Amino acid sequence: MSDVKLAVIYYSSTGTNYQLSQWAVEGAKQAGAETKLLKVPELAPEAAINANPAWKAHVDATRDVPTVSTGDLEWADAYIFSVPTRFGNMASQMKQFFDTLGGLWFNGKLANKVVSAMSSASNYHGGQEATILSLYTSIHHWGGIIAAPGYTDPVIFASGGNPYGTSVTVDQSGKMLEDVRPAAIHQGKRTATVAGWMKKGMQG
């Protein structure tokens, strides 16, 4: 499956979704995929970032992570998106990036891509599932193929049991309250595997 190209695209203010994305990359590589780890552009004003030490520290720590471009979406056979929830929807930084993709969509460049998503929130019922499902609405418009993890591995249950995509609760100190590393790795592996099946079928 070495010919599968997978982009893990995230937005993270203090590091949770960056960490989820790194684990997803790990899983995709285990499945033999060529990967890119990419962030979406930050929209928040610098004053707001500087006022939050954890936010500023994360921005500084990830300066070398490449910012996603439309070319990256053309390059990849599959995408994994990781994003915090904002009132049950994806953060505005990710939504703004999606809103720049009209040209690719119009030219059919987003169709038949294999996609899955991950999320986080600050309490157990903070909209993690709703965020993933709202993101998947856009993927349906693209003509993408959603590769949800479902319950395809026991690690899904151990991480909290979200069948739509790996999700995690984060406390006020930034600590993850569930052990989701195995689930995120599995999701990366599964997304790459499904993309391999899809690519082989299209080429066959």
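**Close-up 1. Salt bridge between D60 and R63.** In this predicted model, the side chains of D60 and R63 meet in a salt bridge with an N to O distance of 2.7 Å. A salt bridge is a side-chain nitrogen of Lys or Arg within 4 Å of a carboxyl oxygen of Asp or Glu. D60 is partly exposed, at a relative accessible area of 33%, whereas R63 is exposed, at 56%. Buried stands for under 20% relative accessible area, exposed for over 50% and partly exposed for values in between, with a 1.4 Å probe and protein chains only. D60 and R63 also belong to a network of salt bridges that includes K56. Residues are numbered from 1 along each chain as its sequence is written, and side-chain values use heavy atoms, leaving out hydrogens and water. Local features need pLDDT of at least 70 and side-chain atom pairs count only at pLDDT 80 or more, while totals for chains, interfaces and linings use all residues.

**Close-up 2. Salt bridges of K95 with D99 and of R181 with E26.** The structure holds seven salt bridges. In the one formed by K95 and D99, the closest N and O atoms are 2.8 Å apart. K95 is partly exposed at 37% relative accessibility, and D99 is exposed at 52%. R181 forms a salt bridge with E26, with 2.9 Å between the closest N and O atoms. This pair links distant parts of the chain, 155 residues apart: R181 is in helix α9 (residues 181-203) and E26 in helix α1 (residues 16-30). Helices (H or I, at least four residues) and strands (E, at least two) are DSSP runs, numbered from the N terminus. R181 is partly exposed, with a relative accessible area of 37%, and E26 is partly exposed at 28%.

**Close-up 3. Strand β3 and its pairing partners β1, β5 and β4.** Eight of the nine residues of β3 (residues 78-86) are buried, so the strand is largely enclosed by the rest of the structure. Two strands pair if DSSP finds at least two bridges between them. Strand β1 (residues 5-10) runs parallel to β3 and is joined to it by five bridges, with V8 of β1 partnered by I80 in β3. β3 and β5 are also parallel, over seven bridges. Strand β4 (residues 89-90) is antiparallel to β3, with two bridges, and T85 stands opposite M90 in β4.

Close-up 4. Leaving out residues up to four places away in sequence, S120 touches T16, N17, V83, P84, T85, Q128, V168 and V170, where contact means heavy atoms within 4.5 Å. The side chains of S120 and N17 make a polar contact at 2.9 Å. A polar contact is a pair of N or O atoms within 3.5 Å; within protein, one must be able to donate a hydrogen and the other to accept it, and residues adjacent in sequence count only if both atoms are side-chain atoms.

**Close-up 5. Positive phi at F87 and N112.** F87 is not a glycine, although its phi is positive, about 55 degrees. F87 lies in the loop between β3 and β4, whose hairpin has two residues between the strands. At 86% relative accessibility, F87 is exposed. N112, likewise not a glycine, has a positive phi of about 65 degrees. The place of N112 is the loop between α6 (102-106) and β5, and N112 is partly exposed at 36% relative accessibility.
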